[in-house]
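Please look over the sequence and the model shown here before reading the notes below. They are meant to be read slowly, with the structure open beside them.

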Amino acid sequence: MAAESGDWTSRPSIQSRYSQRSMRRGVVSSPASTTHRRIGSDGVSLISQSLVDDAAGFTRPSTVSPEPQSWLHLGATRPAGLSTSPPTNWSEDGDLGLTMSPNFASGFSQTHHKPEQFQNSPAPTAQANRPKPVPIQFEDVPADFYSPPGSSQPMFSPRGRFQHSRTDSRANLLATPSTTAWRSPRTPPPYSAMLPPSRRWWHWRPAWVMYLSFLFGICCAIGHHIFYKTLSGRPAENQLAMLRYGAVLAFAAKAGLVAAIVIAFKQRIWMTVRSKFLSVAALDSLFAATEDISALLNLEIYKRATVAMLLALFVWLTPIVIILTSNTLLVTPALRVDTTQCLGIRSLNFDNEERESFRDPTRVDGITGLSVNLWNTTSTNLSSPDWFDYYTAPSDQFAQTASIAAYLGHAVMRTNAAVDICGSGWNCTYEVNFIAPAYKCSELASGVGSEIKPLGDQKPPDGFSTKLLIPEGNYSYYAYTSGGDYGMQMNDTWPGGIPKINPPFPETLGAFRTEPVIWIGYSTRAKSDERGPFNSSMPGWNEAYIPKVIACENYEAAYTVKFNLTSGQQTTNVTERTFLHRVVDTTWIQDEEANDGTVDNTTATPKSNYVYPRDVSHYRRVASFHSMGSLLRYFVNGTVDSQNVDKPNANTKAIQTKLLDPHRDYFTTLPTMVGLVQDFYEDIMFSLFSNPQFVSVVWAAKPDNASGIVAGDETTGYPCERSRLENVFSYHERDLWIVYSLAILLALCAVVSGTLAILENEGLLRSTRFSSIVAATRGPALEKLGWVGPENQGSLPRDVRNLKVGYGIVHRPSGGLGVLQEDTSYPEAVPWNGGDVRYGFGLEGDVRQTKSEASLFRQRSTTLR
């Protein structure tokens, strides 16, 4: 009987929450009792007064008082108006003394009782044969000496102040302390005299994970932007690696935002189940909404948990963030322009022709230099006073170069010039300045019957007029270029041009008396896009053609030329041409023979401006310009008979040049030939660059040094702009921030929603981990349901799936002795003995849900509904 009594007294009698006042009165009226705090498996703290058994010294419960729900529920703070159990003072002899709180002081006459005073206390009889409570087990814990870790119960301090902390039902449920070592009230706990440790000025809060995840996502988005910004415009090297790095940053940003959203989603789940009843099937879908896409098909959860499902849908859509943001860095072709120095740029310097001697030619890297001139001499005895060299004709190498330029219709380009100058795979442009010959052309007549104006002091050749040209004449092209030209000097000469006559030689032997003027008459079509009449017998002949006359003189000019080497092709553009002076500043006198002892009977005025061979430097320079002009005149001279326009009869090399277009019946392609003649002459001149062996071709960086055919080096660097099309990274900043802004905005809304849910959940961050689910579903509240399907394959019966379940205070008072009779409505129902008060999931009607009233600025309170 003693053992049975001891067993009975070791567990409290659980009372309904409606009898709290009567329970407190029972505690006060007990003559000899010990206050105990009892922790149920669900973390509910119960206060009991136990009598001392006279036989074994064990305590037995007198009354049990559940603490007020307003601070008991889920670790909420105890309201200040509630009384607190007083701390127990232990005397030196080990006896238990009680110090009561002011609320209980009136019911006690003393604060210390000896165990002997209760030896004759009557043993309980009405409940002596009560069966053992199953399955809920409680352990005796002195209420005044123990507060579960993080509980919200205040503890008395010497200064009369209360200190508060928080806990949740799941933590207390799984971490009920063991008290077997001090079950007897005569054995004090080891920490009975300790006060709760003071907190640091900061401490970790689990809710921070949501905010830190959100900030991490924003930081990764900013890092993604910075990374792409640094790549924008740079050559697309290691494309795959760079795109992968960007994808990693996009994934990290998405992961951070999703982590914050998932945490907020979980808080919304708990807030929903605390305030609403959902079917078991809806709860299944709600808890699996972020993991199982089929869970999104349950329509009930959209009605009952709208915000939570919006968060779940966003979680499923966030992979689009990775796809769209990674696609904002593209690889596109772009023109890259570098201002740098090119090593192989060449220029022209005809001063080298002044110093060039065919007897001692210039050599560059062992290669003999070339001149544009051929020379004769008057003697093999270089010491003879009658010895001098005089001009013969253009050199064969230059004639070849000029002919190629005439036939191609543009300047000849040196082989591999683009690679030597620009570098492999590059285009480049550069400007060079030099002095060279140029023909200055002017239009002197235009129209039928127009009179040809003189070119300065030079009159047009005799018989040259617009009447030679159609529609009045027979010619569509008539060029006279040999008036006053340098010709054969002596009839009888030895090899090398040595005159057979004895010196002294004629004074004008080899002298440049004048430079021939190019006279060109040509006809153009009045309507350039129409062919017009073919002969004079056809109507409209006189109106279909316009005769014109131009004249050109050979000048020395200062050039600024822009060379463009693109895709291996060279183009030239004369950006500036300044005419300095005529090559030979004389005027040809027609029909006047010189009779000066030479075969050349050209007469010009003034004779003082003749250029003589003994003026070696000047003579060689003029000879070079004359050679270049003579080849132009060679191609320009001649006629095109167009009596029958559709059957022209050409007697000129001009049809092989750019001057006349064979597709237009050898008419000029432009309204005037002034620019064509000048361009043609410049094509011949620029073609010298095609053969750097000419001594007049020099380094642009060192104009006094002939370049030869060697490659340039660091000493020959010259400013240029290099360009090329290359693949570069192109960053679409606007597109990236549109995607991230939307994602961050939605994530921010989720974080705000999660914060409100945390406040609604009494400031606790809840999760859906296994331990949380076990803590919320543990106990007999749901054990009366039949969870096994008909085929025992893990599926639930339809009636179970449709049952409404919610989370809150599961309170099932028992009748009579507190024994809940077995519910046989389900085949697997388990009897629940004794009334119980706990938090967890239960059926609608068995659960009282709570509503938290809280804000960021005032303390929260909890009410039942």
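The model is a predicted one, and a search through the whole of it finds three disulfides.

**The disulfide between C342 and C720**

- C342 and C720 are joined by a disulfide, with an S to S distance of 1.8 Å, and the link is right-handed, with 75° about the S-S bond.
- Because C342 belongs to strand 10 (residues 329-342) and C720 to strand 28 (residues 718-731), this pair ties together parts that lie 378 residues apart in sequence.
- C342 is buried, having a relative accessible area of 2%, and C720 also counts as buried, at 4% relative accessibility.

**The disulfide between C422 and C428**

- A disulfide joins C422 to C428, with an S to S distance of 1.8 Å, and here the link is left-handed, with -55° about the S-S bond.
- Both C422 and C428 are buried.

**The disulfide between C441 and C552**

- The sulfur atoms of C441 and C552 are 1.9 Å apart and form a disulfide, which is right-handed, with 110° about the S-S bond.
- This pair links distant parts of the chain, since C441 sits in strand 16 (residues 427-446) and C552 in strand 21 (residues 545-566), 111 residues apart.
- C441 and C552 are both buried.

**The pairing pattern and other cysteines**

- If the bonded cysteines of the protein chain are numbered in sequence order, the pairing reads 1-6, 2-3, 4-5.
- C220 takes part in no disulfide, and the nearest cysteine sulfur, which belongs to C219, is 7.0 Å away; a disulfide would need the two sulfur atoms to be within 2.5 Å.
- C220 is buried, with a relative accessible area of 10%, whereas C749 is partly exposed, with a relative accessible area of 47%.

**Helix 6 against helix 7**

- Helix 6 (residues 239-275) packs against helix 7 (residues 280-287) at an angle of about 165°, and their axes are 11 Å apart.
- Because angles over 145 degrees count as roughly antiparallel, helix 6 and helix 7 are described as roughly antiparallel to each other, and their crossing is left-handed.
- On the side of helix 6, the residues F265, I269 and V273 meet L283, L286 and F287 of helix 7, and by class the residues of this contact are six nonpolar, no polar and no charged.

**Helix 6 against helix 17**

- The axes of helix 6 and helix 17 (residues 733-760) come within 8 Å of each other and cross at roughly 30°.
- Because angles under 35 degrees count as roughly parallel, helix 6 and helix 17 are described as roughly parallel to each other, and the crossing of helix 6 and helix 17 is left-handed.
- Among the residues that make this contact are L249, A253, L257, Q267 and R274 of helix 6, and Y740, A747, S753, G754 and E760 of helix 17.
- Sorted by class, the contact of helix 6 with helix 17 has 16 nonpolar, three polar and three charged residues.

Methods:
Residues are numbered from 1 along each chain as its sequence is written. This is a predicted model: local features need pLDDT of at least 70, side-chain atom pairs count only at pLDDT 80 or more; totals for chains, interfaces and linings use all residues. Side-chain values use heavy atoms; hydrogens and water are left out. Axes are lines fitted to C-alpha atoms, for helices over the stretch in contact, and angles run from 0 to 180 degrees between N-to-C directions. Helices (H or I, at least four residues) and strands (E, at least two) are DSSP runs, numbered from the N terminus. Angles under 35 degrees count as roughly parallel, over 145 as roughly antiparallel, 65 to 115 as roughly perpendicular and the rest as oblique. A crossing is left-handed if the near helix is turned anticlockwise from the far one by less than a right angle, and right-handed if clockwise. Contact means heavy atoms within 4.5 Å. Ala, Val, Leu, Ile, Met, Phe, Trp, Tyr, Cys and Pro count as nonpolar, Asp, Glu, Lys and Arg as charged, and the others, Gly among them, as polar. Buried means under 20% relative accessible area, exposed over 50%, partly exposed in between (1.4 Å probe, protein chains only).
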